[in-house]
Amino acid sequence: MKFLIQRVSHASVEVDAQVLGEIRKGFLVFIGVSQDDTEEIADRMIRKLLGMRIFEDENGKTNLSLADGELLLISQFTLYADCKKGNRPSFIRAGNPELANHLYEYIISECRKQISNVQVGSFGADMKVSLLNDGPFTVMLDSREIF
């Protein structure tokens, strides 16, 4: 599983010119699911995500977590693009849509238990994502590298 986390001042997602989700200060998280992922892996990724201290404190140090921030969660199978051969990416390492959607919905549900404002995109839709990256500050969490 991969989470591409962007610390944002604000972000939104649209489908067919309709805003589905919008946040202010928080994390925009693109979520990639592989064929080997499980709810247990998702639980560990969520704990890591929600505990990340990448907001600045009064001294300008990244010591504060998402405690009072907001989340925008977007499913993003292209995080598993394999570009080793040729010029066209392969996505064979991405989880099948049924598994990916199940885990995406699971992650949303679990995050909503801890964060008051969790907004989402639409699984499998052609989405338009807008954001103002704060920093810029972008972090990649890959379950194969951190657990």
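What pattern does the chain follow, read along the sequence? The chain follows β-β-β-α-β-β-β-α-β-β-α.

**Figure 1. Overview of the chain in a predicted model.** Local features need pLDDT of at least 70, side-chain atom pairs count only at pLDDT 80 or more, and totals for chains, interfaces and linings use all residues. Residues are numbered from 1 along each chain as its sequence is written, and side-chain values use heavy atoms, with hydrogens and water left out. There are three helices and eight strands (DSSP runs numbered from the N terminus: helices are H or I of at least four residues, strands are E of at least two). The C-alpha atoms fill a box of roughly 45 × 40 × 30 Å along the principal axes. Of the 147 residues, 43% are buried (buried is under 20% relative accessible area, exposed over 50%, partly exposed in between, with a 1.4 Å probe and protein chains only).

**Figure 2. The aromatic pair of Phe-27 and Phe-55.** The whole structure holds three aromatic pairs (rings of Phe, Tyr and Trp, the last by its six-membered ring, with centres within 6.5 Å; planes under 30 degrees apart are stacked, over 60 edge-to-face, the rest tilted). The rings of Phe-27 and Phe-55 are stacked, with 5.3 Å from centre to centre and 0° between the planes. This pair links distant parts of the chain, 28 residues apart: Phe-27 belongs to strand E3 (residues 26-32) and Phe-55 to strand E4 (residues 55-56). Phe-27 is buried at 0% relative accessibility, and Phe-55 is buried at 4%.

**Figure 3. The aromatic pair of Tyr-104 and Phe-123.** The ring centres are 6.2 Å apart and the planes lie at 35°, so this pair is tilted. Tyr-104 is in helix H2 (residues 97-112), while Phe-123 is in the loop between strand E7 (118-120) and strand E8 (128-142), so the pair ties together parts 19 residues apart in sequence. Tyr-104 is buried, with a relative accessible area of 1%, whereas Phe-123 is partly exposed at 28%.

**Figure 4. Lys-2 over the face of Tyr-80.** Lys-2 lies at 4.7 Å from the ring centre of Tyr-80 (a charge sits over a ring if NZ of Lys or CZ of Arg is within 6 Å of the ring centre and within 35 degrees of the ring normal).

Figure 5. Val-139 is buried, with a relative accessible area of 18%. Leaving aside residues up to four places away in sequence, Val-139 touches Phe-3, Leu-4, Ile-5 and Met-52 (contact means heavy atoms within 4.5 Å). Val-139 and Met-52 are 87 residues apart along the chain, and their C-alpha atoms are separated by 9.9 Å.
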